[in-house]
Amino acid sequence: MQIVIQLLLLVVGFVLLMKGADWFVEGASKIADKLGIPQLVIGLTIVAMGTSLPEAAVSITSALKGSAEITIGNVVGSNIMNILLILGVTAIICVIPVQKSTVRYEIPFMIGITVILAALGLTDNTVGRLDGVVLWVLMIVYLLYLLRMAKKGQPLGEEIPEAEANDRLWKMILMVLVGGAMIVLGSDVTVDAATELAKIFGMSERLIGLTIVAFGTSLPELVTSVTAAIKGKTDIAVGNIVGSNIFNILFVVGTSALITPVVYSTSFLIDSIAAVVAAVLLLVCVIRKQKMGRPAGAVMLLGYAAYFVYLLR
């Protein structure tokens, strides 16, 4: 009975996170639009970071509660899942074209920061405040790069909600406040339920973070990518996933580390290597033809299956 209660709480936590992030991003985007902030800036900040809000909320809450293995497990697990599982499933449904800039700059940058995160964490088994500053500096560099690309007319991928004339400011503020409260509550419920499940099943917080929590916080990316594939709008799928992974490392871990030092145990060595291998595999799959077809999708899914078997061993 206790297992059922905790599983239900976990689902409730995920629903609160997803819906809360939706409302928060929509409300904040519309307020920014009303205040005359350029759509480009809104897309690069509020909307781009919005996809990482569930990971951020869960990771920061985990770090503050001393469940550090959920913090790192959530980010590393989400990044592996985003590439191998989500892009794998999407590529099986239909061929995914990839932007030239994504192949040349964004995927190599993602590989680089994945290696940097592992190096920062495994050197002294902690991602401290100074490391958090390093990650935030890299995020500002990435935002400046996105700004430059966007000015050149490159698609950013995310849809930006525009404020309509009849939208009331109080409604937008309410959306932000309610959405923010749902994110905080959802992350609290999710972390508590995940920790309890780890105790009940005798699983480590690392394993819970890498699997169940990672899957739950990656649901928005999964739904978005598969829906886009079914509708035939896959030209931004890889860019969105790569952008999400970059924000997960720089924004989520960086912010968590600035708030409180995050423990990065040696047990994450293989997971860190898996995250780097997944990113390199993505680059190898798209570097020649700038697209992902079914063979690449099958390789991705086999890669995730192998990693999942390793986790359960």
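Val-242 lies in helix 9 (237–259); helices here are DSSP runs of H or I with at least four residues, numbered from the N terminus. This is a predicted model, in which local features need pLDDT of at least 70, side-chain atom pairs count only at pLDDT 80 or more, and totals for chains, interfaces and linings use all residues. Residues are numbered from 1 along each chain as its sequence is written, and side-chain values use heavy atoms, with hydrogens and water left out.

With a relative accessible area of 0%, Val-242 is buried (buried means under 20% relative accessible area, exposed over 50%, and partly exposed in between, with a 1.4 Å probe and protein chains only). Setting aside residues up to four places away in sequence, Val-242 touches Thr-102, Glu-106, Ile-107, Met-110 and Leu-282; contact means heavy atoms within 4.5 Å. The C-alpha atoms of Val-242 and Ile-111 are 9.9 Å apart, although 131 residues separate the two along the chain.

Thr-102, one of those partners, is found in helix 5 and is buried too, with a relative accessible area of 2%. Beyond its neighbours within four places in sequence, Thr-102 is in contact with Ile-107, Pro-108, Val-238, Gly-239 and Val-242. Thr-102 and Gly-303 are 201 residues apart along the chain, and their C-alpha atoms are separated by 22 Å.

Not counting residues up to four places away in sequence, Val-253 touches Ile-72, Val-75, Leu-117, Val-127, Leu-135 and Asn-248. From Val-253 to Ala-63 the C-alpha distance is 9.9 Å, with the pair 190 residues apart in sequence.

## The second largest cavity

How many cavities of 30 Å³ or more does a search of the whole structure find? There are two. A cavity is a set of points, on a 1 Å grid over the protein atoms alone, where a 1.4 Å probe fits but cannot get out; lining residues have an atom within 4 Å of a point.

The lining divides into twelve nonpolar residues, four polar and no charged (Ala, Val, Leu, Ile, Met, Phe, Trp, Tyr, Cys and Pro count as nonpolar, Asp, Glu, Lys and Arg as charged, and the others, Gly among them, as polar).

Helix 7 (residues 169–201) holds Ser-187, which counts as buried at 1% relative accessibility. Leaving aside neighbours within four places in sequence, Ser-187 is in contact with Leu-17, Ala-57, Val-58 and Thr-61. The 33 residues of helix 7 should span 48 Å, and its end C-alpha atoms are 47 Å apart, which agrees; the expected span is 1.5 Å times one less than the number of residues. Just after helix 7, Gly-202 takes a positive phi of about 70°.

For helix 8 (residues 205–231), 27 residues should span 39 Å, in agreement with the 37 Å between its end C-alpha atoms. A kink of about 50° lies at Ser-218, shortly before the proline Pro-220; the bend at a residue is the angle between axes fitted to the seven residues ending there and the seven starting there. Just after helix 8 comes Gly-232, with a positive phi of about 75°.

Terms used
1 Å grid on protein atoms, 1.4 Å probe; cavity = no way out; pocket = protein on both sides within 12 Å on 5 of 7 lines; lining within 4 Å. Points joined across faces, edges and corners; volume = space filled by probe spheres on them. Helix = DSSP H or I, 4+ residues; strand = E, 2+ residues; numbered from the N terminus.
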